[in-house]
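This report describes a protein chain to a reader who is new to structural analysis. Please keep the sequence and the structure in view while reading.

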Amino acid sequence: MGKGGQRRRWEYCWTALWFYLLLCFAPQVSAQIRYSIPEEVKEGSVVGNIAKDFGLDVGSLKHRRFRIVSGFMDNLFQVNQNNGVLYVHEKIDREEICDGNGACLLNLKIAVENPLEVHYVEVEITDVNDNFPSFPEKDLHIEIAENTAKGARFDLPVARDFDVGIYSIRSYRLKQNDYFDIEIKDSEYGDKSPFLLLQKPLDRESQEKHVLILTAIDGGNPPKSGILHISVTVLDVNDNRPMCSRDTYTVMLKENSSPGFVVASVNASDPDEGINGEVEYTYGRNVQRKVHDVFDLDKVTGEIRVKGKIDFEENEMYSFNIKASDKGRPPMNTDCRVVIKVIDVNDNEPDIEITSLSNVVSEDAKPGTVISLISITDKDSGINSKVVCSLLDDVPFELKPYVQQNMYSLVTKEGLDREVTSHYDLTITATDLGSPALSASKSLSIEVSDVNDNTPQFSYNPLEIYLYENNPPGGSVFSVSASDTDKNENAIIAYNIIRGDQTHSDMASFLNINSETGVISALKSFDFETIKKFQFYVLATDSGSPSLSSNVTVNVFILDQNDNVPVILYPVSANGSAEGVEEIPRNVNAGHLVTKVRAYDADIGYNGWLLFSLQEVSDHSLFGLDRYTGQIRTLRSFTETDEAQHKLVILVKDNGNVSLSATASVIVKVVEPKEAFAASDVTNAVKDEEENNVTFYLIITLGSVSVLFIISIIVLIVMQCSKSSDHSSKYLQDVNYDGTLCHSIQYRSGDKRYMLVGPRMSLGSTLAPGSNRNTLVIPDRRRRDSGEEYAS
């Protein structure tokens, strides 16, 4: 057998010894099923049907990863995932994997998943007679004094046979001779020890040397044997042999004792004198090589000292003979028995083995879900091999003791949330109960997989959007965005507008949204004069299964633009032009009211604030125009040289960024006082009635405006009081309002209303009577941080 085979044999022997110790010291760890097979069987030989014996479903074995998880032993055996049969994978040599005469038992750990189950199978390897008996040496030389009495016994080497039981050595046979016979005794180790028995006294003068052949025979059928050549030399008389002070020296020795430590001292005495009484000590014939490696014997003093490493896990006890020999011719000797018992110390750290189902666990896993199985082993014995396993980190997992000793299952302790923690690095620590305690740690990484448990969220709800009228149809006006704390497809969001009744008043029907980006486009151009604000809802839905959704309310406010031209009310337009004729007496004084140009603008604020100016006038020194009211008055009295007819062209324009305008013409005829009075009598009746009606409407309008103004002021005060200073300043800090709401009143002929405009009115603000115009609107032209958007 080569060095590699010998080393493998020792590895198998120590592994078998470990299982043997495990069975001895931990009987609760026992196999659930036991099989028996002889060694040297062919590869592929069936051991047993594990699936049938354990009641497993054969059809699910491959899906459940039916396998052996027992280290090197999975090379000796394999399982068939199709039928659950355990079979021999490699040729098994019992002598390589087991040592001693006891039963050769191999413990296999069988694992299946989904759910995880671990079963234990014990396989006994029975012996066959495949080894020959052999002696430690081929030739043995023995010296015997001639005066040795009949019946003296001499130790002979014990033959070794790696087979056990009936196949071990059963007998010894000595070749027939006249002086010696063989005597067999059962030793304390359970084997048979041969002794050479002297049957009659020796005579050196007649025969100085005897050659004997000793044969060792095992119990096989047919038996196998081995021989030893014994050469006996007859010496002269030395009739006293050394005597040990004790028959057996029993000592206790802690493992890991340092080299040079004195273990025991063997003392033997010889009553002879001279060199026949001088004693020296040597190891006996049958001492194992391991004893020579571990202990050093002083041949003069008989002291036994530590030489090599003392390891309880390798040897718990050393038992050997010390031969005490004198220096006589021939020398006489005796055997002193030495038994050294090794005391275990806690010098082995626990070994952690993790069998994981998966390193990924779903965040909706219920508490108690099994993630991994942890198996702990400690080579020490007794209390030093007891292990406590724990988790170092504060994590939502815990270890629960398993059925077998020193086995734990890692399970979820509480609910998981991937959005809070998506990855866990666990540190599993195993600590034995020795003194001082030893521990070992092992890391395990666990990923938390996502489930769709979070709805899309908008930053603000509701959203407020400000959009200028006359937007281009089909263009994007604003966008919405929602976030989802899930990941992958669970976080992909699609946007949809919740449609209403599809009527003309449902403005959502005029909007379209990009389902991926949330960009909203207007399919029509909005008109401030038609609609001031509207509301719709956007639904955000993720792509999970089942999907989750949420909606947001969007309030859209339409902002006015200067898109309406001033309309001349007086003079009344005719044929596309506004022209009126006024007659005044020649004798009027300066400041006389000639007429008043009336106009209105459908826009509001500065866009609807009108200013009047003289574009053309025949005599600048004669007439003047109030730019705010549109009143035309004389600047001086008429003279005889002034012309009788004057034409005034009045320009009416608003105050928009790009102002719009209209013109009106007034023909002023200067008549003599008598003619003027006659003409005035005819027209005054009509004008009086018209003026009376206008005055009546004006009074009603002014009253309504006053009431609405007071209500608006009250509403503003209440809003200011109910909001924080930051919130109120958000809407009013940029408004240039000095307390004067308007400067003049302009009449709108189309809807019989008056609009208040003036030089001190804030830009973009308006106050109009009616069901939808009773609030002072002060648009904030900045993009609001609270979810409001300003669109153009």
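Accessible areas come from the Shrake-Rupley method with a 1.4 Å probe, and for residues only the protein chains shown count as cover. By this method the protein chain exposes about 41200 Å², of which carbon and sulfur atoms supply 50%. The model is a predicted one, in which local features need pLDDT of at least 70 and side-chain atom pairs count only at pLDDT 80 or more, while totals for chains, interfaces and linings use all residues. Residues are numbered from 1 along each chain as its sequence is written, and side-chain values use heavy atoms, with hydrogens and water left out.

**The chain as a whole**

The protein chain contains 6 helices and 53 strands. Both kinds of element are DSSP runs numbered from the N terminus: helices are H or I with at least four residues, and strands are E with at least two. Of the 792 residues in the protein chain, 43% are buried. Here buried means under 20% relative accessible area, exposed means over 50%, and partly exposed lies in between (1.4 Å probe, protein chains only). Contact means heavy atoms within 4.5 Å. Among the contacts in the protein chain with a separation of 6 or more, 67% are between residues 24 or more positions apart.

**Two open sheets**

Two strands pair if DSSP finds at least two bridges between them. Strand 16 runs parallel to strand 23 (residues 333-343), and 7 bridges join them. Lys-254 has Ile-343 in strand 23 as its bridge partner.

Another open sheet has 3 strands in the order 34-38-37, and its pairing is antiparallel. Its edges are strand 34 (476-479) and strand 37 (511-513), each with a single partner strand, so one side of each lacks a neighbour in the sheet. Strand 34 and strand 38 (residues 519-522) run antiparallel and are joined by 3 bridges. Ser-479 has Val-519 in strand 38 as its bridge partner.

**Aromatic rings and charges**

Rings of Phe, Tyr and Trp (its six-membered ring) pair if their centres lie within 6.5 Å; planes under 30 degrees apart count as stacked, over 60 as edge-to-face and the rest as tilted. By this rule there are 11 aromatic pairs. Phe-135 and Tyr-172 form a tilted pair, 6.3 Å centre to centre with 55° between the planes. This pair links distant parts of the chain, 37 residues apart: Phe-135 is in the loop between strand 7 (117-126) and strand 8 (139-145), and Tyr-172 is in strand 10 (residues 169-174). Phe-135 and Tyr-172 are both buried. Elsewhere, ring pairs link Tyr-283, Phe-295, Tyr-318 and Phe-320 into a cluster.

A charge sits over a ring if NZ of Lys or CZ of Arg is within 6 Å of the ring centre and within 35 degrees of the ring normal. Two examples follow.

| Charged residue | Ring | Distance from ring centre |
|---|---|---|
| Arg-153 | Phe-195 | 5.0 Å |
| Lys-524 | Phe-510 | 4.6 Å |

**A loop residue**

Lys-386 lies in the loop between strand 26 (370-377) and strand 27 (387-391). Lys-386 counts as partly exposed because its relative accessibility is 31%. Leaving aside residues up to four places away in sequence, Lys-386 touches Gln-405, Thr-431, Asp-432 and Leu-433. Lys-386 and Asp-432 are 46 residues apart along the chain, and their C-alpha atoms are separated by 5.4 Å.
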